[in-house]
Amino acid sequence: MTMQHKISRRYFLQGSAALTGSLMFSACQKEYRAAQPENTAKIYYPPALNGLRGDHEGSETAAHSMAMFGKNYTLPGKAVEHYDLVVIGGGISGLTSAYLYRQKHPEAKVLVLDNHDDFGGHAKRNEFSYQGRTFITYGGSESLDSPKTTFSKQAHSLLESLGVDYKKFEQYFDRDLYEKKWQLKQGVFFSPEVFGKAAVVPSLPETGKENAAEIIRRFPLAEDAKQALVELYTSKTNYLKGKKKRQRIEFAEETSYYDFLKDTVKLPEGALNYLKDISSEYWGHPISAISVIEALEENYPGVQNLGLPEEDGEEEKEPYIYHFPDGNASIARLLVRKLIPSIAAGNTMEDIVLAKFDYSKLDLPENSTRIRLNSTALLAENNAEGVAVAYLKHDDQQLVQVQAKKCIFAGHSALAARIIPQMPEAQKKTELSCVKVPMVYAKVLVKNAQAFKKLGVYSLYAPSSPYCLIQLEDPVNIGGYQAQQSPDEPMIVHAVRIATDFTGENVREQYRNGRRKLFAQSYDALKTELLGQLRHLYELAGENFDEMLVDVTLNRWAHGYSYEQAELADTEQSMERTTRAMRKPVGNIFMAGCDMAWMPYLQNAVDEAFRAVKEASV
């Protein structure tokens, strides 16, 4: 992706799990294990849970009863509570909506509903406890992506009001640790299942660079595949020679990069297997969903000499360093602390990292803003008093009705199409267009990082493997929290699986196919898949991975980051037309969330919240 095209930096459930109180640590022991000391294990504190996180067991059951089984819900008929505003969705956009609404209406009573067992949505905080030390990491939304060049005035104003100065990360993020201090590189991991043997090459070839050929010749590929890659990366061949300018442009706009490499360049299978996932972690889909034009924008090999027009000017590139140890979960925590001051002490971006959050304070009757977790909204209807909202309580499976003057929907747009019956059918169709990226963010705590030191790498592209990226945790030192300083210290390994299926007529179908397969996998199957890949990696370093393993958290996001325009499937005009229709209020129900922008970034979540609150405040 370009700066506006970037994902990373973006089974049918077997009944519903009881996910509140002490039940979280009894009925769900297989999937939820406390990472904190035994004597505090019964304190409700979701970040310390490991096992299956993200879209955890029970979080999607109620919504799937509608989406997959066609169940219809009706209002119970009597509201048990009354609010000025009900927000559906406790992610960044929903929390921002609640915060902005309270700023405009200080006396307002606000209820935030969320189907997960923690607030923040994709901004998920994970913690491990080992040897008396807490290790903090992110389970989803990671970064303030390019705040200098892509953030709106509204997004900057929110950061300012929360006390966040992103420029401080220039000191907090240790950019020298891995490459300069530890002398490590980015590299490639080749799986034995696809490439015949496991191998790590501690370098990545870059298009047009002199050393690309030397790096590629170390790949465990057949000679014809290596030579083809060398040619692709280093030569100035025009693979569209003979085509007129308009023909070249049309070809580049309508042809996938995969088809170009396979049918036009005629790359051997081994070379294609190396390149297939080069876009996956970055875009959320393999090169079968990337156009030749988009490949040119990303400087992928083989497309630089096709006579295609390039974008005018150079986009300012910002370092990818603007994030807390727990990613954007710290932004969510800052918002919650503003909304419910009694939940945690402190008032700075530094102290939020180690602030002790008391989850028992989230939903107290005396709060002006109440945040109610483990509660799936299943119906939102306009009535004479405003909006009636019904939600399912996960602990007792009871449908509860509340009444609000206004409602802001900040959840998955496909859910909006199903729970807002008064929404026009044409708008429902647009809401369903946002098919989210299926993905897993795996976090593995190991006893030390010596295996990576021996291999000479800190980050690995893993083509045609379950996890396409494996890397050491980004080192951020802030507010008393210190990242690892030596390879001898315990380390979190971050691994990304993009579960998008390679097959499908278009990118949405690839997402859907991948999501079905991801849901079909149990936690044990997912864990086995991850550990198998890591065992191969550690064997190359002469180490036994199982002896190094401390614990694992798998953040499964079957409904992951919001859909983003794919040029093979969407035009700029169709995107603008669709998102404009998605944002339309339905009576006193107003639409927020990244989905409404087809953009999965924090700044978009914030911008959509500003717009929705402005509409709701008229």
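User: Before we count anything, what counts as a helix or a strand here?

Analyst: Helices are DSSP runs of H or I with at least four residues, and strands are runs of E with at least two, numbered from the N terminus. In this predicted model, the chain comes to 23 helices and 18 strands.

User: Okay, how do I read the overall size? What does the radius of gyration agree with?

Analyst: You hold it up against a compact globule. For 618 residues such a globule would have a radius near 25 Å, and the chain has 24 Å, so the two agree. Along the principal axes, the C-alpha atoms fill a box of roughly 70 × 60 × 45 Å.

User: And how much of the chain is buried?

Analyst: Take buried as under 20% relative accessible area. By that cut-off, 63% of the 618 residues are buried. The chain still exposes about 24,100 Å², with carbon and sulfur atoms supplying 48% of that area.

User: Now the largest cavity: what lines it?

Analyst: Think of a cavity as a space where a probe fits but cannot get out. The largest one here holds about 120 Å³. Its lining has 15 residues, and Ile136, Glu473, Asp474, Tyr481 and Gln484 lie nearest the centre. By class, the lining splits into nine nonpolar, three polar and three charged residues.

User: Which strand gives the largest share of that lining?

Analyst: That's β6, with four residues. Both β6 (133-138) and β16 (491-498) supply at least two each.

How values were computed
Residues are numbered from 1 along each chain as its sequence is written. This is a predicted model: local features need pLDDT of at least 70, side-chain atom pairs count only at pLDDT 80 or more; totals for chains, interfaces and linings use all residues. Side-chain values use heavy atoms; hydrogens and water are left out. On a 1 Å grid over the protein atoms alone, a cavity is a set of points where a 1.4 Å probe fits but cannot get out, and a pocket is an open set with protein on both sides within 12 Å along at least five of seven lines; lining residues have an atom within 4 Å of a point. Grid points are joined across faces, edges and corners, and a volume is the space filled by probe spheres set on the points. Ala, Val, Leu, Ile, Met, Phe, Trp, Tyr, Cys and Pro count as nonpolar, Asp, Glu, Lys and Arg as charged, and the others, Gly among them, as polar. The radius of gyration is taken over C-alpha atoms; the globule rule is 2.2 Å times the number of residues to the power 0.38. Buried means under 20% relative accessible area, exposed over 50%, partly exposed in between (1.4 Å probe, protein chains only). Accessible areas come from the Shrake-Rupley method with a 1.4 Å probe; for residues, only the protein chains shown count as cover.
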